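Here is a brief report on one model. Look through the sequence and the coordinates, then read on.

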Amino acid sequence: MIYADNAATTKMSEAAVNTMVSVMTENYGNPSSLYTFGQRAREILEKAREDIALAIGATPKEIYFTSGGSESDNQAIRSAAEIGRLKGKKHIISTAFEHHAVLHTLEKLEKEGFEVTLLPVHENGLVVTSELEAAIREDTCLVTVMYANNEIGTIQPIKEIGKICREKNVLFHTDAVQAMGHIPVNVVTDDVDMLSASAHKFHGPKGVGFLYVKKGIRLTNIIEGGAQERGKRAGTENVAGIAAAAVALKEAVSKLSVYGETVTKKRDRLIAGLSEIPHSALNGDKDLRLPGNVNFCFEGIEGESLLLLLDDKGIQASSGSACTSGSLDPSHVLLAIGRVHDVAHGSLRLTIDESTSDEDVEYIIKSVKETVEYLRSFSPVWRNLVEGKAKFIL
Amino acid sequence: MALYSEKVMDHFRNPRNVGVIEDANGIGEVGNAKCGDIMKMYLKVEDDIIKDVKFETFGCGSAIASSSMATEMIKGQPLSEAMKLTNKAVAEALDGLPDYKMHCSVLAEEAIKSAIEDYEKRKEA
Ligand SMILES: Cc1ncc(COP(=O)(O)O)c(C=O)c1O
Ligand SMILES: [Zn+2]
């Protein structure tokens, strides 16, 4: 089996699993309990907070544990909106290709009277900072731009955006779910006010995430109840998961430069190999992308059938095809970079990591080539293109 | 739990009647405006009996499997019987499809009807 869907989720690292098991079996106390056994769990929790803060250049008090990326995004955006509302500022800037955790929260806020500007991300999948700067108004209360896109992997100019927001005195949130543990992230040098992350994307457990919130920014609760997380996120802490998340992040950050170098090489070999398929195109900028992300469109075929046949060959991948979405719409990310429906239908996302060998890469290239050719052999769309009855787009 | 039944996967992996009939006398091509799947059906009709049928499909696993199953179900049948084929019958013959995939099996029914209409139009002409 070749697991090439690390953007969907990752395998937990051995150290993270061991940490989780040891906390669950040996230190299962409630951190809110005052006896020693409970306080030992509290120590583990606070050590994890320190480690995570250190890994991203924050202070421990600026880290709030959540159930994952979605919750962090919801809380960050809701909080900034609330701060804005109190000042009469009800304009939010984001991008057209954010994760639905961001987009759907913004849609809700629109219904509550907020105005949302979604910046275009252009053919290369990148925000243009001058366009962002021009979109900022007197009443803008938040800019939320993802660090790296989950489908096409493009890395946004976060530092520049942070600087603009600082100068214009606007809160800046970034969904760093895909970036965390894959490329260097530092909340100070990146000038971000709020940042979302999710452990299962960096070899930690599912259902654990965190929100970085710069000191002085007032959070609004999404979950009301007990006084956990300094009263900002109720619910008994997932101590084992949080401890494992911290271990996983420390591990990922410690090998970031080696990871970046080796995985980028494999990624570029994959891109070169798949580019040999006629009438195909890479989605998103070739260089400003996550080390492990490869995303292609192949004209004349549909993505789900490609995925099923690759699965038969032992390769796990994903697609932005309408038929795989369950919603009948092709990926909003591919539409945002200007791919038309037909072409977006034939998309393939491969997200590799350091465990993907060079042989795996060659096997993937060979398998995708064969499968695309096979599916084209009985595709009426491909026939029309080849016979000149329709024009090739790619 | 797998996404599709074993029957769907069998017809998807080994589609029956794939390809083109060069001297087809009824051709239908239909597209699904919703998800973008496209199906093309070729018929060779003799004495109002479907002697041969082939298909080409651009679409998901369920679109390919329902094309394959539908062609099996109408091969050798009189046109009047083939006209009665419903997407429900195709889905049932495949041991069911996920709810949100039912629209893909509609294509097979529509492609067959469109090919038969084409045959009848040609006959009149
Ligand atoms: C960019 C991005 N944001 C948010 C999320 C949601 O994270 P979680 O699954 O932890 O809620 C994901 C995960 O798919 C993601 O890729
Ligand atoms: Zn379909």
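Leaving aside its neighbours within four places in sequence, which residues is Phe298(A) in contact with? Contact here means heavy atoms within 4.5 Å. Phe298(A) meets Leu274(A), Ile277(A), His279(A), Ser280(A), Leu306(A), Gly346(A), Leu348(A), Val368(A), Val372(A) and Arg376(A).

This is a predicted model: local features need pLDDT of at least 70, side-chain atom pairs count only at pLDDT 80 or more, and totals for chains, interfaces and linings use all residues. Residues are numbered from 1 along each chain as its sequence is written, chains are lettered from A and ligands numbered from 1 in the order in which they are written, and side-chain values use heavy atoms, with hydrogens and water left out.

**Ligand 1.** 13 residues surround ligand 1 (a heavy atom within 4 Å). Among the closest are Asp175(A), Ser198(A) and Lys201(A). The table gives polar contacts, pairs of N or O atoms within 3.5 Å.

| Residue | Part | Distance to a ligand 1 oxygen |
|---|---|---|
| Gly69(A) | backbone N or O | 2.9 Å |
| Ser70(A) | polar side-chain atom | 2.7 Å |
| Gln178(A) | side-chain N or O | 2.8 Å |

The protein covers 84% of the 390 Å² of accessible area (Shrake-Rupley, 1.4 Å probe) that ligand 1 has on its own.

**His91(A).** His91(A) sits in strand S3, residues 91-95 of chain A (strands are DSSP E runs of at least two residues).

Key. Helix = DSSP H or I, 4+ residues; strand = E, 2+ residues; numbered from the N terminus. Polar contact = N/O pair within 3.5 Å; in protein donor to acceptor, adjacent residues only side chain to side chain.
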